[in-house]
Amino acid sequence: MKKIYISFLLIITAPFIFAQSINYWSNFESMVQSEAQSNAWKLKSITTAYTDNYDLKYHRLQWTLDPAIRYISGTITSYFTPTAANFNQINFDCSDSLTVDSVIYHGSNITFAQLPGDVLQITLPGVIPINTLDSIAVYYQGVPPTTGFGSFSLGTHNGFPMLYTLSEPYGGSDWFPCKVSLNDKIDSIDVIVTVPQGNRVAGNGLMVEETQVGNSSIYHWKHRYPITNYLIGISITNYVQYYNYVPIGVDSLPVLVYAYPEDSGSAASQTPYIIPVIQLYDSLFSPYPFMNEKYGLAEWGWGGGEEFQTMSFIVYFAGWLIAHETGHQWFGDKVT
């Protein structure tokens, strides 16, 4: 993920950087110390003590969204196994801008509290033994805050509304109760989003069902690979959809493209660039990590790109940006 202006800055400053390479390398240790100090907050945020005592196995993420309205309502069903003794309480990261309406455990409402520091604390009716699989469902709604890179953002293109998410690195809790730690990948997810008709929903994994109910469309994405929280992403607008296909050995990888209608013609001429890119990475690094599902490219409103697992969101279909975000499927997604 890179802002375009950062890439431009690197281009125009590259001659200076290389001209000064001897001085930089002679002071390499001080550079390392400086970087470590400036990024110390990230290391502290990688894990939180109140979510360390369980292993998150699965999320079913169900949302009702309108890309013209900054509001979210949904249900997050989480399967987990305790990793510590005396487990009678489970905590999630959850912005206090969101309102938790209820928490359901084995069909019954149970006690919860939204604590300072964006913590959702849920009291269980009894102790769950270590390594015992269990589940809980959180019903919530609210207006997500405008933090980070814009964890939950609205915009327009050609006069049509759009909504997209960008949780990297710890912004997932801005728009749903979750575990933001980078130390616990979720084994699999289902994402089910209800939107007004005329919209499509870009997401992780495979589209297993698209249904129409009244004036709404329901999109169901299924992803069956381990995924870290910030790589869960959705984007919603009136996309045009088509596929490119990448021959890899005896197989063919589908590349799903979601483009704005006004850009669909230029996108169709540019996105075939993905074919040699994936073939190259597949030969250099390892087989494409999510071969049983797909890769995808979706146009969005943020000024750069983000490598959401199995579907990168990009501001336009430039070859360099396609290549950059696709590379992250190996380093950033498979290896987080």
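This is a predicted model: local features need pLDDT of at least 70, side-chain atom pairs count only at pLDDT 80 or more; totals for chains, interfaces and linings use all residues.
Me: Why is lysine 57 called partly exposed?
Reply: Partly exposed lies between buried, under 20% relative accessible area, and exposed, over 50%. Lysine 57 has a relative accessible area of 25%, so the term applies. Aspartate 55, with 22%, is likewise partly exposed.

Me: How do you know that lysine 179 is buried?
Reply: Its relative accessible area is 5%, and buried means under 20%, so lysine 179 is buried. Lysine 179 forms a salt bridge with aspartate 184, with the closest N and O atoms 2.7 Å apart. Aspartate 184 is also buried, with a relative accessible area of 9%.

Me: Why is it said that the pair of aspartate 190 and arginine 224 links distant parts of the chain?
Reply: The side chains of aspartate 190 and arginine 224 meet in a salt bridge at 2.7 Å, N to O. Aspartate 190 belongs to strand 11, whereas arginine 224 lies in the loop between strand 14 and strand 15, 34 residues apart. Aspartate 190 is buried, with a relative accessible area of 5%, while arginine 224 is partly exposed at 39%.

Me: How is the packing of helix 6 and helix 7 described?
Reply: Two packed helices are described by the angle and the distance between their axes. The axes of helix 6 (residues 274-284) and helix 7 (residues 319-327) come within 10 Å and cross at roughly 35 degrees. Residues making the contact include Ile274 and Tyr281 of helix 6 and Ile322 and Gly327 of helix 7. By class, the contact has 6 nonpolar, 2 polar and no charged residues.

Me: Why are strand 16 and strand 19 said to stand at the edges?
Reply: The open sheet has 5 strands in the order 16-17-18-20-19, with mixed pairing. Strand 16 (240-248) and strand 19 (305-306) each have a single partner strand, so one side of each is left without a neighbour in the sheet.

Me: What makes strand 16 and strand 17 a pair?
Reply: Pairing requires at least two bridges between two strands. Strand 16 and strand 17 (residues 251-259) have 9 bridges in the antiparallel sense, so they count as paired.

Key
Residues are numbered from 1 along each chain as its sequence is written. Side-chain values use heavy atoms; hydrogens and water are left out. Buried means under 20% relative accessible area, exposed over 50%, partly exposed in between (1.4 Å probe, protein chains only). A salt bridge is a side-chain nitrogen of Lys or Arg within 4 Å of a carboxyl oxygen of Asp or Glu. Helices (H or I, at least four residues) and strands (E, at least two) are DSSP runs, numbered from the N terminus. Axes are lines fitted to C-alpha atoms, for helices over the stretch in contact, and angles run from 0 to 180 degrees between N-to-C directions. Contact means heavy atoms within 4.5 Å. Ala, Val, Leu, Ile, Met, Phe, Trp, Tyr, Cys and Pro count as nonpolar, Asp, Glu, Lys and Arg as charged, and the others, Gly among them, as polar.
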